[in-house]
Amino acid sequence: MQSRPAAPLPACAAALAGAPAHRRELFEDRVERWWPDLLDGLDGIYPDPVATATRAVVSAAHAFTERADDLHRLDLRRGLRPDWFQQPSMLGYAAYADRFADGLAGVAERSSYLSDLGVGYLHLMPLLEPREGPNDGGYAVADYRAVRKDLGTMDDLRTLTEVLRQRGISLCLDLVLNHVADQHEWAVRARAGEQRYRDYFYVFGDREVPDQYERTLPEVFPDFAPGNFTWDDDLDGWVWTTFNAYQWDVAWSNPEVFCEYVDIVLELANHGVEVFRLDAIAFLWKRLGTTCQNQPEVHALTQALRAVARMACPAVVFKAEAIVGPQDLVHYLGKGRHHAKVSDLAYHNGLMVHIWSMLASRDVRLATHALQQLPPVPATTAWITYVRCHDDIGWAVDDADARAVGLDPFAHRTFLADFYSGEFPGSFAHGLVFQHNEETGDRRISGSLASLAGLEAGDPLAVSRILLAHAIVLGWGGLPVIWMGDELGLLNDPDWAQEPAHADDNRWVHRPRMPWPARDTTGVDAGLRRLLAARRSLEHLHASVPAEVLAPSDPGVLLVLRDHPLGPMLGAYNMTDEHRPLPAERLTDVGLDPAACVDHLGGGPVTVHDDGRVWLPPYTALWLT
Ligand code: GLC
């Protein structure tokens, strides 16, 4: 683009007519601020970027005018503290509204439990109207403008966000933007022959083009949804379906689709949703000859979407759900021209995978190497750190990383799958194999945190292992998210397959129901609360400061340095079932005085033994400042 056209303020006049003068001025200033980001995002993607961007701005003007006063106030407050999600006091929690409580009203009633735990961010699993029948845990949305009937209504959603906001809890909702359910109105109208809606999808009359794409496309669900295209009689064609056959990928190459999602984001934001989890975002853009993941257009579109949100509802932040390799992952927090302009949060899948890998191998060398490869991310963003989530664990161990530390990548991934499915001799884990890909040999794993960590097997060290894993994610300096029930050490749900729609998806084994009253009999809860209290008290854990993984002294002890302006913080994590040493000079090396430093987990000084080393008991962590 030669010179950038001016922001389309006159086009917003009608939408803003009812707003008081100070609001109109505020909106105009925001448009001026974000218009370049919006336009640059769409430039080169759509045939008439100015026209598409202008439509989006007018939508933003309408949403802004309709936005409730308390949400305008929230926008202001977030502007005063843009690092709210980076604070050490921030804790996330993720749950199903019907498994944690009895729908949205039930979640509101249970919200004191969340406050008591210290939760400031709640990710409620998909709660918008899904298709009838199997719906991939709600990830097959039939209507973005309605709540699942058994969970409540859009008014209940608004009420819930109000209740949560009063408690200082931000609601995160999934924005499934790669696909809709085959029962969504767009799909229904496409099937009925309306060209406008057929153009919302990728439909091919024969196999020629799909076969060309298939050559380089991986399979997400090789077991229950092989292939990436599904034949539909009514369409008389093959429709792109990356995930299940009933999840139709939408065509983001069509500007109409962009405008639709703009309206959806704005509407949900006006119901008080503060964080959008951009589900399966890596898949948004298709390009022949590639895996059709992580294409540059994905980031440009995210930048554009975020710019629109910043105009109408700047409290909103985006969280990228991109389960991809480290070099691709950093782009979701912004790299190059999109630096700090895309998602504010992204899942640290690599950390999660390597926690499990370290626990199985009792060795930190691969994790250290792999985590060191992750390029730095913008200081205004934060990793979502987690040990478990609602999905399976895929063994995303990079071939080059494994080789660099002398491991055969395939053999290591096989070992991990064997270990966590409990097949490996001496394994403490009780997991299930999810999606055995015959072609690649990949076996992903389902299972609750506690069952994978040995609690189901009755391993006496299981609780220490669970707490150690949490210590890593809480001590990393991101936004840590606890998966519902993990705070109580909930085991695999033995009845997971009872619901017919869940029977062929064993991820339900680790999506149990919350057993109220939530009493802990394992000791996990008390231990976790100690970790959380320590985290809250440590300024060093602000997410703007990166975590740096240091070369280990002992192959069983992971070392994580946070070089904060207040002084260094060193995390040491013994991933083994033996006592392991940390030489005192490692403390001095990073600027800590062994005689004066404090272990915030032990609550006192550290003991340097006569051999000049600090000894870590099995599965323990130190947070030293
Ligand atoms: C995300 C979700 C997963 C779902 C998929 C398709 O990866 O976490 O549960 O199956 O997207 O929407």
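How far does a polar side-chain atom of Asp-279 lie from an oxygen atom of the ligand? In this structure, the separation is 2.8 Å. Before I continue, please note that this is a predicted model, in which local features need pLDDT of at least 70 and side-chain atom pairs count only at pLDDT 80 or more, while totals for chains, interfaces and linings use all residues. Residues are numbered from 1 along each chain as its sequence is written, and side-chain values use heavy atoms, with hydrogens and water left out.

Let me turn to the other ligand oxygen distances. An N or O atom in the side chain of Asp-136 is 2.7 Å from an oxygen atom of the ligand, and for the side chain of Arg-507 the corresponding distance is 3.2 Å. The protein covers 94% of the 300 Å² of accessible area that the ligand has on its own (Shrake-Rupley method, 1.4 Å probe).

The residues surrounding the ligand, each with a heavy atom within 4 Å of it, include Tyr-139, His-179, Phe-221, Glu-321 and His-390. By class, this shell has 3 nonpolar, 3 polar and 6 charged residues; Asp, Glu, Lys and Arg count as charged, Ala, Val, Leu, Ile, Met, Phe, Trp, Tyr, Cys and Pro as nonpolar, and the others, Gly among them, as polar.

My last topic is a loop. Asp-363 lies between α15 (349-361) and α16 (365-372), helices being DSSP runs of H or I with at least four residues, numbered from the N terminus. The side chains of Asp-363 and Arg-365 are joined by a polar contact of 2.6 Å, that is, a pair of N or O atoms within 3.5 Å, one able to donate a hydrogen and the other to accept it.

Conventions:
Helices (H or I, at least four residues) and strands (E, at least two) are DSSP runs, numbered from the N terminus.
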